[in-house]
Amino acid sequence: MNNLKNSLIVCRASAGSGKTFMLAARYVALLLSGVSARSILAVTFTNKATAEMKHRILEQLYALKLDPSSPALAEFRKAVEENMGRYVADEEISKMADHQLKTILNDYDHFSVCTIDSFLQLLLGEV
């Protein structure tokens, strides 16, 4: 059905190569294709990268809600359409982005973007 659900994505690249942008785009694409934020885990190395990724995801959802046809959002649209396997109208993207943004903000504790250290601590605490 789509190529991002039920998959593990590992992104290895040097600093400044666009990893955060790419991961945020994939995260947004998953959200807009109906995957719950509770079902997505994004792991990075630093607290700074974690904060940047969360900010970027929320920022892009908000921007897609307001103007999904913006040329600046073309890569996010492309990722959403590839994930859904079809063309997605502006109104649909706007509505999905609004819904996911509200869902994340109302359940922010389950917006799982974390460092490797905090993820491992969570796992070890659960054992």
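Good morning. I begin with T44, which touches A49, T50, M53, C114, T115 and I116, leaving aside residues up to four places away in sequence. Please keep in mind that the model before us is predicted.

Where does T44 lie? T44 is part of strand β1. Is T44 buried or exposed? Its relative accessibility is 13%, and buried means under 20%, so T44 counts as buried. T44 can also be compared with S118: the two are 74 residues apart in sequence, and their C-alpha atoms are 10.0 Å apart in space.

Let us look at α1 itself. This helix has 14 residues and reaches 20 Å from its first C-alpha to its last, close to the 20 Å expected at 1.5 Å a residue. Which residues of α1 are buried? They are T20, A24, A25, Y27, V28, A29, L30, L31 and L32. As a general point, an α-helix has 3.6 residues a turn, so residues three or four places apart point the same way. After α1 comes G34, with a positive phi near 100°.

I turn now to the largest nonpolar core, which has 30 residues. Those that touch the most other members are Y27, L31, L32, I57, L61 and L64. At least two residues of this core come from each of α1 (19–32), α2 (47–66), α3 (74–84) and α4 (90–106). Which helix supplies the largest share? That helix is α1, with eight residues.

Y27 deserves a separate word. With residues up to four places away in sequence not counted, Y27 touches A37, I40, A42, I57, F111, S112 and V113.

Finally, I consider how α2 and α4 pack. Two packed helices are described by the angle between their axes and the distance between the axes. For α2 and α4, the angle is about 140° and the axes are 7 Å apart. Their crossing is left-handed. By class, the contact between α2 and α4 has nine nonpolar, two polar and two charged residues. On the α2 side, the residues are L58, L61, Y62, L64 and K65. They meet I93, S94, A97, D98, Q100, L101, I104 and L105 in α4.

Thank you for your attention.

Terms used. Residues are numbered from 1 along each chain as its sequence is written. This is a predicted model: local features need pLDDT of at least 70, side-chain atom pairs count only at pLDDT 80 or more; totals for chains, interfaces and linings use all residues. Side-chain values use heavy atoms; hydrogens and water are left out. A nonpolar core is a set of buried Ala, Val, Leu, Ile, Met, Phe, Trp, Tyr and Cys residues joined through side-chain atoms within 4.5 Å. Buried means under 20% relative accessible area, exposed over 50%, partly exposed in between (1.4 Å probe, protein chains only). Helices (H or I, at least four residues) and strands (E, at least two) are DSSP runs, numbered from the N terminus. Contact means heavy atoms within 4.5 Å. The expected span of a helix is 1.5 Å times one less than its number of residues. Axes are lines fitted to C-alpha atoms, for helices over the stretch in contact, and angles run from 0 to 180 degrees between N-to-C directions. A crossing is left-handed if the near helix is turned anticlockwise from the far one by less than a right angle, and right-handed if clockwise. Ala, Val, Leu, Ile, Met, Phe, Trp, Tyr, Cys and Pro count as nonpolar, Asp, Glu, Lys and Arg as charged, and the others, Gly among them, as polar.
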